[in-house]
Amino acid sequence: MLASVEEELGTPKQPRNQHSQQSEAPNSLANTRAIFRQPRLQRTKPIIWCAAILCFIFSLVLIFFGIATLILYLSMKPRNPTFDIPNASLNVVYFDSPQYLNGEFTLLANFSNPNRRIGLRFESLNIELFYSDRLVSSQTIKPFTQRPRETRLQSVNLISSLVFLPQDVGVKLQRQVENNRVNYNARGTFKVRFNIGLVHLSYSLYSTCQIEMTSPPAGILVARQCITNR
C-alpha cells in the first residue's frame with residue numbers, strides 16, 4: 001500500500017548503475033596518476049659508450065694478434081730440440097762392501113736446436129744415471145738459451161758415493177766390469193721454452209740413452225742409443 005502511495009506521489013527511483021559509476025571514477029584517476037608517475041628512460045652516459053668502444057677495439061686487437069701468432073707458428077713449425085751423448089768416460093767403479101757402490105762417470109751432453117728461425121731456452125735440466133734400473137747418481141745443469149741451429153756441449157760429472165745396490169745387482173755389475181762391458185742408462189728431463197710472438201710455449205722433454213762402456217779406470221764409450229720424447 002505504501003509502494004502504491006509513493007507511485008502516486010511520483011517519488012523518483014535511484015538509477016541502478018550510479019554506484020558502479022562512482023566506484024569506477026577513483027580507479028580511472030589512480031591509473032592516470034600511475035601512468036604519469038612512471039620513470040622516464042635515461043640516456044646512456046658518454047663515458048659508458050667510450051668504455052664499451054675501447055673494450056671492443058681491445059678485443060679486436062687481441063684476436064688479430066692471436067691469428068697472426070697462429071699463422072707464424074704454423075709457418076715456422078717449431079721442432080723439438082735433441083739430446084745426445086757423443087762421448088763418455090767411466091773412471092771408477094768399486095765397492096766398499098758387497099752392496100755399496102762408489103763410482104765416477106763423466107758424460108758429454110750434446111744439446112741441439114734444429115729450428116732455423118726460432119730460439120729456445122732450456123730450463124730445469126736434470127740428468128740421472130741408472131744401472132739395472134737403480135738410480136746411482138744425478139746432476140743438474142744450469143739453464144741456458146740456444147739460438148737457431150745452435151749446438152751446445154756440456155760436460156756432466158756423475159759421482160756415486162755409497163749407493164746401496166741389492167746383492168744380485170752388485171754381482172751383475174762386478175761381472176760386467178770383469179768382462180770389460182758395462183751397461184748404463186742415462187735419463188734426462190728438460191723443460192723447454194719457445195717464444196713465438198705473443199705466445200710462450202713451454203713443455204717437458206724426456207731423453208733416454210742406453211750406454212755401453214768399457215771397464216774403468218779408462219772406460220770409454222763403445223755404443224749408445226738416445227731417444228727424446230715429449
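The notes below are grouped by topic.

The model is predicted. It contains 1 disulfide, and a search of the whole structure finds 11 aromatic pairs.

**Disulfide**

- C209 is joined to C226 by a disulfide, with an S to S distance of 2.0 Å.
- Because the torsion about the S-S bond of C209 and C226 is about 120°, this disulfide is right-handed.
- The pair ties together parts that are 17 residues apart in sequence, because C209 lies in strand β8 (residues 199–213) and C226 in strand β9 (residues 219–229).
- C209 is buried, at a relative accessible area of 0%, whereas C226 is partly exposed at 25% relative accessibility.

**Cysteine accessibility**

- C50 counts as partly exposed, with a relative accessibility of 47%.

**Aromatic pairs**

- F122 and F190 form an edge-to-face pair, at 6.2 Å centre to centre and with 85° between the planes.
- This pair links distant parts of the chain, 68 residues apart: F122 is in strand β3 (residues 120–131) and F190 in strand β7 (residues 182–196).
- F122 and F190 are both buried.
- The ring centres of Y131 and Y184 lie 5.8 Å apart with their planes at 65°, so this pair is edge-to-face.
- Y131 lies in strand β3 and Y184 in strand β7, so the pair ties together parts that are 53 residues apart in sequence.
- Y131 and Y184 are both buried.
- A cluster of F83, F111, F122, F144 and F190 is linked by ring pairs.

**Charges over rings**

- The charged end of R152 sits over the ring of F144, at 4.3 Å from the ring centre.
- The charged end of R230 sits over the ring of Y203, at 3.7 Å from the ring centre.

Note on methods. Residues are numbered from 1 along each chain as its sequence is written. This is a predicted model: local features need pLDDT of at least 70, side-chain atom pairs count only at pLDDT 80 or more; totals for chains, interfaces and linings use all residues. Side-chain values use heavy atoms; hydrogens and water are left out. A disulfide is a pair of cysteine sulfur atoms within 2.5 Å. Helices (H or I, at least four residues) and strands (E, at least two) are DSSP runs, numbered from the N terminus. Buried means under 20% relative accessible area, exposed over 50%, partly exposed in between (1.4 Å probe, protein chains only). Rings of Phe, Tyr and Trp (its six-membered ring) pair if their centres lie within 6.5 Å; planes under 30 degrees apart count as stacked, over 60 as edge-to-face and the rest as tilted. A charge sits over a ring if NZ of Lys or CZ of Arg is within 6 Å of the ring centre and within 35 degrees of the ring normal.
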